[in-house]
Amino acid sequence: MGIKFKMMILMFSVLFISACSDNNLQSSEEVSRSSSVETLNNEHVRHDEVVSLNDSTGEHELNIPPMLEPDYRDDNRVEYTVRAQTGETEIFDGTKTKTYGYNGSFLGPMLRLEEGQTVKIRTINELDEETTFHWHGLEVPGDADGGPHESLKPGAEELIEFDVTQEASTLWFHPHPEGKTAEQVYIGLAGLIYIEDDNLKSLGLPNVYGVNDIPLILQDRIFDESKQLFFNAAIMHDGTIGDTSLINGTLNPKLTVKREKVRLRLLNGSNARNYTLKLNTGDSFVQVATDGGLLNEPVTMEEITLTPSERAEIIVDFSQLDTEKEMALVNEDDSVLLPFDVSEQGGETSSIPEKMNDISISEEELSMPVKKQVELYGMMDQVTINGKKFDPERIDFTQEQGVTEVWEIYNKTDEMGGMIHPFHIHGAQFKILSRNELEPPKNEQGWKDSFSIHPGETVKIAIQFKHKGVYMFHCHILEHEDNGMMGQIRVE
Ligand code: C2O
Ligand code: CU
Ligand code: CU
């Protein structure tokens with residue numbers, strides 16, 4: 001997309017937002033209808049249209065989320081306190097934006113866990129509204145999962161406890177209150193969880209946090225004239241898409257790296273935007289991990305698509321690239337998300353072993369009958385799963401603890417063609433068996449907890465729950481989730 005066109009969209013969106021925030025009493029539907037801006041307007045955005053992001057000027061060094069200091073830690077146990085808070089953040093120089101954050105004003109810290117550890121987390125709601133603490137991708141008992149049933153009132157706290165029974169991976173946490181998830185994430189509630197294990201430590205992948213092991217939380221936002229995040233003005237019912245890119249909450253970020261292998265832990269933390277990431281030079285990189293763990297082998301790629309809530313770990317080898325050129329991580333339309341400032345300094349020599357993990361799909365799993373069928377359908381606030389909207393009182397499925405089942409998820413097209421839905425299941429990591437009966441791409445042959453599903457596509461997964469309880473499954477376009485594109489499974 002040409003620069004001019006991008007500028008036009010930007011100008012229009014600024015006008016659009018200011019029109020919206022002038023009248024807070026107007027419902028967002030009315031705002032949409034009365035708006036003359038077609039590009040950011042729900043009813044006119046085609047499902048597959050890309051709203052461009054700004055090019056990062058690189059004027060701010062990328063913020064690295066702090067590692068949360070445990071209240072207690074020994075080899076077998078770790079204890080943390082996580083507070084949901086309101087605050088103000090200087091996203092734009094010299095201006096304060098009202099935000100939410102965990103243990104801080106915006107986004108959250110990184111919680112480090114080890115496989116085999118017993119974990120206690122004291123969760124405290126210091127917001128003026130209800131919230132929950134959901135651990136996305138973590139295999140925990142239903143009552144520790146932080147779904148909509150575990151809502152905490154303002155001022156309330158809760159202690160949760162669980163054992164880490166899963167392998168090294170990059171997970172995240174965010175709120176999940178019924179009907180309010182999109183807004184709370186949008187204003188800033190999202191944090192990271194790293195799980196480590198012996199296998200990971202033995203591999204020698206880049207692992208110096210903030211130096212050659214860098215989390216990138218990708219989010220898009222719409223700021224109004226006064227640089228605030230007014231969700232009610234910005235909301236789009238098919239998922240709020242912004243024109244401003246933030247990475248780890250940093251506007252116009254750049255990342256300074258040495259000439260070494262750098263591991264980027266990518267998280268699509270946006271409400272609705274899909275990213276297709278690549279290097280501006282066209283150079284390839286390797287993907288080493290999916291949502292829930294390492295791949296068996298590194299997969300060489302030139303671009304990677306992440307739909308909301310998906311993660312991937314990739315390694316860019318700056319010691320092998322022609323860093324005379326300006327390098328950057330860019331989006332599919334070439335908007336510059338993260339310029340790299342490559343110093344002449346050499347760094348660590350780390351390796352990417354040919355064999356990293358041992359996850360396989362058995363013949364048995366491939367021949368299992370389908371036990372659960374999930375049909376995703378609709379758009380805007382007319383979204384359903386198997387023809388129904390979320391009802392907290394209704395259990396849609398049951399499954400036995402520790403038993404593998406095959407689920408078949410189908411994205412039914414609508415009159416407008418339909419749209420991609422990112423599908424997520426709580427409380428388990430699962431394997432993608434097939435996409436439209438074909439083997440999934442190599443970089444999806446690892447543990448997953450979310451995946452994209454295209455209109456008309458059928459995806460089969462093999463899933464087992466290690467714990468009991470009630471878990472959500474839903475579309476991770478957060479507005480779709482809030483609009484009821486969510487169901488519940490009871491594991492017994
Ligand atoms: Cu990222 Cu229901 O969760
Ligand atoms: Cu989740
Ligand atoms: Cu959806």
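Is His421 buried or exposed? I started my notes with that one. His421 comes out at 1% relative accessibility, so it counts as buried. I'm keeping in mind that this is a predicted model.

His421 belongs to strand β27 and Cys475 to strand β31 (residues 469-475), so I noted a link between distant parts of the chain, 54 residues apart. Cys475 is buried as well, with a relative accessible area of 0%.

**Copper, ligand 2**

Next I went to the copper ion (ligand 2). I found His134 and His424 as its protein donors, each using NE2, lying 1.9 Å from it. His134 sits in strand β7 (residues 134-136) and His424 in strand β27 (residues 421-425), which puts the pair 290 residues apart. I checked burial for both: His134 has a relative accessible area of 0% and is buried, and His424 is buried with 0% too.

**Aromatic rings**

I counted ring pairs and got 14 aromatic pairs. I picked out Phe430 and Phe451: their ring centres are 5.8 Å apart and the planes stand at 90 degrees, so I logged the pair as edge-to-face. Phe430 lies in strand β28 (residues 430-435) and Phe451 in strand β29 (residues 450-453), so this contact ties together parts 21 residues apart in sequence. Phe430 is buried at 0% relative accessible area, and Phe451 counts as buried at 0% as well. Both also turn up in a cluster linked by ring pairs, made of Phe397, Trp407, Phe423, Phe430, Phe451 and Phe473.

**Charges over rings**

I jotted down two of these. The charged end of Lys227 sits over the ring of Phe92, 4.7 Å from the ring centre. Arg265 lies over the face of Tyr194, at 3.6 Å from the ring centre.

**The seven-stranded sheet**

Then I traced an open sheet of seven strands with mixed pairing, in the order β13-β12-β11-β15-β20-β17-β18. The edges are β13 (250-251) and β18 (293-301); each has a single partner strand, so one side of each lacks a neighbour in the sheet. Inside the order, I followed β15 (residues 261-268) and β20 (residues 311-317), which pair in the antiparallel sense over seven bridges.

**Around β21**

Last stop was strand β21 (residues 327-330). Both of its faces are covered: Met327 and Leu329 on one side, Ala328 and Val330 on the other, all buried. I found strand β16 (residues 275-279) joined to β21 by two bridges, running antiparallel, with Leu279 opposite Leu329. β21 also pairs antiparallel with strand β22 (residues 336-346), over four bridges. There, I have Val336 in β22 as the bridge partner of Val330. The hairpin of β21 and β22 has five residues between the strands, and I flagged Asp334 in it for a positive phi near 75 degrees.

Definitions and conventions:
Residues are numbered from 1 along each chain as its sequence is written. Chains are lettered from A and ligands numbered from 1 in the order in which they are written. This is a predicted model: local features need pLDDT of at least 70, side-chain atom pairs count only at pLDDT 80 or more; totals for chains, interfaces and linings use all residues. Side-chain values use heavy atoms; hydrogens and water are left out. Two strands pair if DSSP finds at least two bridges between them. Buried means under 20% relative accessible area, exposed over 50%, partly exposed in between (1.4 Å probe, protein chains only). Donors are N, O and S atoms within 2.8 Å of the metal (3.2 Å for Na, K and Ca); water is not among the atoms, so sites may look incomplete. Rings of Phe, Tyr and Trp (its six-membered ring) pair if their centres lie within 6.5 Å; planes under 30 degrees apart count as stacked, over 60 as edge-to-face and the rest as tilted. A charge sits over a ring if NZ of Lys or CZ of Arg is within 6 Å of the ring centre and within 35 degrees of the ring normal.
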